[in-house]
There are 2 protein chains.
Amino acid sequence: MEKVIGIDLGGTNLKSGLISRDGKLEHLHYQPAEAGKGPKQVIENLLKAIEHQLNKHDGEIRGIGIGAAGQVDFKTGVVIDPPNFPDWHEEPLGDIVREKFGLPTFVDNDANVAALAEQAFGAGRDSDNFILVTLGTGVGSGLVLNGRLFHGAAGAAGEFGHTTIQFDGPVCNCGNRGCIERYVGARWIVERAMDALPHYPESILNQRAEEGPLTPKVISETAKEGDALARRVLEEVGTFLGIALASVLNLLNLDLVIIGGGVSNAGDLLFKPVERAIRRHAMSVPAATVRVRRAQMGEHAGIIGAGQLAFEGLAKSE
Amino acid sequence: MEKVIGIDLGGTNLKSGLISRDGKLEHLHYQPAEAGKGPKQVIENLLKAIEHQLNKHDGEIRGIGIGAAGQVDFKTGVVIDPPNFPDWHEEPLGDIVREKFGLPTFVDNDANVAALAEQAFGAGRDSDNFILVTLGTGVGSGLVLNGRLFHGAAGAAGEFGHTTIQFDGPVCNCGNRGCIERYVGARWIVERAMDALPHYPESILNQRAEEGPLTPKVISETAKEGDALARRVLEEVGTFLGIALASVLNLLNLDLVIIGGGVSNAGDLLFKPVERAIRRHAMSVPAATVRVRRAQMGEHAGIIGAGQLAFEGLAKSE
């Protein structure tokens with residue numbers, strides 16, 4: 001059976017695996033990316049990971065797909081300024097891998113390949129027009145329009161996290177004010193809870209905060225246990241997300257919003273407020289067209305999506 | 001030479017003409033739409049306008065294109081809830097016209113066909129990824145993505161006017177708060193000038209306001225004459241537009257923004273603030289990718305775009 005190598009290159013881990021056409025992942029392999037040691041080391045580690053997969057499974061591998069943090073010129077495979085990769089400016093990952101192994105190699109942004117995975121095997125199987133929003137340290141996103149991943153004019157499309165919802169709001173990492181990421185990025189979710197703690201002396205989050213730093217995961221778990229403060233925080237996060245999504249839906253009339261990442265495991269405690277805010281803030285047709293779902297692909301979305309990227313690239317070049 | 005009939009159906013005027021493949025408009029014909037008399041009368045007027053064009057030019061006409069106010073199901077040609085058309089809910093314009101004249105008929109939203117006209121013959125000829133924003137009573141828009149008009153999942157895409165820029169801002173016609181239309185729609189541009197008049201006793205706008213109601217056109221003319229208040233108003237309008245566009249550009253990485261409508265004839269007095277605000281509020285790659293241009297097709301964009309809609313529809317069905 002035909003297979004490709006799928007690679008998820010993040011600042012911490014370099015994950016690889018073999019992917020079959022039906023999205024099955026085998027031989028999952030983790031190694032440190034060692035981003036702190038500079039691009040040369042990262043690239044060496046990447047080539048080692050590919051060798052590892054090839055050595056075990058030579059003969060049946062048709063190509064390589066890579067989902068990388070940062071901005072990716074998907075036409076050339078150049079990876080530009082990935083956050084948390086010191087000294088990395090522009091590295092032609094695609095060419096380097098192709099030259100070394102002589103295999104067709106395809107590179108795209110990590111949020112984009114995650115959207116590909118959801119489209120092919122996950123929550124987006126029945127949609128041709130959706131956005132995948134991943135809630136983490138930042139707010140990433142990938143857009144599928146008319147059934148295809150949308151890259152925009154220069155490959156940089158998909159920065160939903162930097163949608164302005166309050167033009168005189170607090171300053172975001174990107175330099176703009178009032179971006180949605182500044183309201184629902186992990187750090188800001190936690191800050192929202194910490195600021196409210198004194199007003200909720202009975203909240204379980206007081207205990208949790210003494211045990212260790214709060215995280216969005218802890219907050220969503222605590223919300224599931226019924227904690228009022230944790231639920232209020234998720235309600236606010238969902239409302240802000242819905243406001244930002246309403247602008248996107250008015251513009252693009254998508255029929256699906258997929259939400260993934262740490263805080264999304266709160267389920268309806270997050271999704272109901274998102275849906276309510278969309279209905280309140282979007283126009284009638286876009287609001288009626290859209291559904292909101294949780295991402296289904298989990299932590300291996302990046303590897304499986306990278307595999308899908310390779311299969312789609314191979315199909316196009318045939 | 002092959003021709004089609006192009007029709008621009010607005011609340012006030014029903015404009016028709018013959019369009020050739022190169023976008024040339026002949027036999028321009030205006031008649032009142034008589035929207036106030038209800039859909040039956042409007043449809044009768046529409047059929048009369050088509051007859052008028054057919055009688056003069058039978059034999060060379062291959063199809064009919066209609067750009068209509070309101071939301072249009074472009075697949076079926078049904079026109080839904082056009083603003084300022086009393087008693088109009090859903091009218092199957094496409095079917096009615098096809099049945100009456102036996103000619104291939106294509107219907108789309110007026111902002112969408114204007115974007116088609118700019119793409120084929122105007123400011124968008126060298127772009128595959130742009131937004132046309134028309135500033136009038138409302139803020140309309142049409143999106144061209146990957147070289148094709150983008151409709152979204154249910155045909156309602158393109159409501160850039162209802163992008164939230166301030167989630168607790170003033171209430172918009174659509175029910176949401178802080179939409180860009182609530183800041184740069186004609187009424188709000190004029191209100192902005194009127195509110196500031198007392199602080200600018202030497203502004204020419206004081207005289208103009210005595211002569212008759214201010215309009216965005218008067219404000220942009222006065223700005224060209226050097227009036228400080230009028231220029232301040234355009235500066236503010238441009239800044240708000242740039243903030244809303246920054247969100248769109250971060251999401252879609254377009255390489256072109258085309259701005260049309262009354263206030264756009266202020267030229268650089270509007271466009272420079274738009275560009276400055278985009279550079280300040282958008283991320284580096286989207287900001288570097290985009291140019292801002294004035295719409296080129298003028299008042300006949302609707303008819304010519306409707307003609308282009310018909311030619312593209314005919315080409316697809318061949």
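## Residue A:Pro32

A:Pro32 lies in strand S3 of chain A, which covers residues 25-32. The structure described here is a predicted model. A:Pro32 counts as partly exposed, because 13 C-beta neighbours fall inside 10 Å, and a residue is called buried only if 20 or more other C-beta atoms lie within that distance.

When residues up to four places away in sequence are left out, A:Pro32 touches A:Asn13 and A:Leu14. Another proline, A:Pro198, is 166 residues away from A:Pro32 along the chain, and the C-alpha atoms of the two are separated by 40 Å.

## Three-stranded sheet of chain A

Chain A contains an open sheet of three strands, arranged in the order S5-S6-S7 with antiparallel pairing.

A:Val79 has A:Glu91 in S7(A) as its bridge partner.

Helix H7 of chain A spans residues 216-224, and its buried residues are A:Pro216, A:Val218, A:Ile219, A:Ser220, A:Thr222 and A:Ala223.

After H7(A) comes A:Gly226, which has a positive phi near 100°.

## Packing of H6(A) on H7(A)

How do the axes of H6(A) and H7(A) cross? They come within 10 Å and cross at roughly 150°. That angle makes H6(A) roughly antiparallel to H7(A), because angles over 145 degrees are placed in that class. The crossing in which H6(A) passes H7(A) is right-handed.

On the side of H6(A), the contact involves A:Ile204, A:Leu205 and A:Arg208, which meet A:Val218, A:Ile219 and A:Thr222 of H7(A). By class, the residues of this contact comprise four nonpolar, one polar and one charged. A:Val218, A:Ile219 and A:Thr222 are also among the buried residues of H7(A).

## Five-stranded sheet of chain B

In chain B, five strands form an open sheet in the order S11-S10-S9-S12-S13, and the pairing is mixed. The edges are held by strand S11 (148-149) and strand S13 (291-294) of chain B, each with a single partner strand, so one side of each is left without a neighbour in the sheet.

Strand S12 of chain B (residues 256-261) is linked to S13(B) by four bridges, and the two run parallel. Within this pair of strands, B:Ile258 stands opposite B:Arg293 in S13(B).

## Contact between chains A and B

The contact draws 35 residues from chain A and 35 residues from chain B. On the side of chain B that touches chain A, the elements giving two or more residues are helix H8 (228-252) and helix H10 (284-289) of chain B. H8(B) gives the most to that side, with seven residues.

Which classes of residue make up the side of chain B that touches chain A? This side has 19 nonpolar, 14 polar and two charged residues.

Terms used: Residues numbered from 1 in each chain as written. Chains lettered and ligands numbered in written order. Predicted model: local features only at pLDDT ≥ 70, side-chain atom pairs only at ≥ 80, totals over all residues. Pairing = 2+ DSSP bridges. Buried ≥ 20, exposed ≤ 12 C-beta atoms within 10 Å, placed from the backbone. Contact = placed C-beta atoms within 7 Å. Nonpolar A, V, L, I, M, F, W, Y, C, P; charged D, E, K, R; others polar. Axes fitted to C-alpha atoms, helices over the stretch in contact; angles between N-to-C directions. Parallel < 35°, antiparallel > 145°, perpendicular 65-115°, else oblique. Left-handed = near helix turned anticlockwise from the far one by under 90°.
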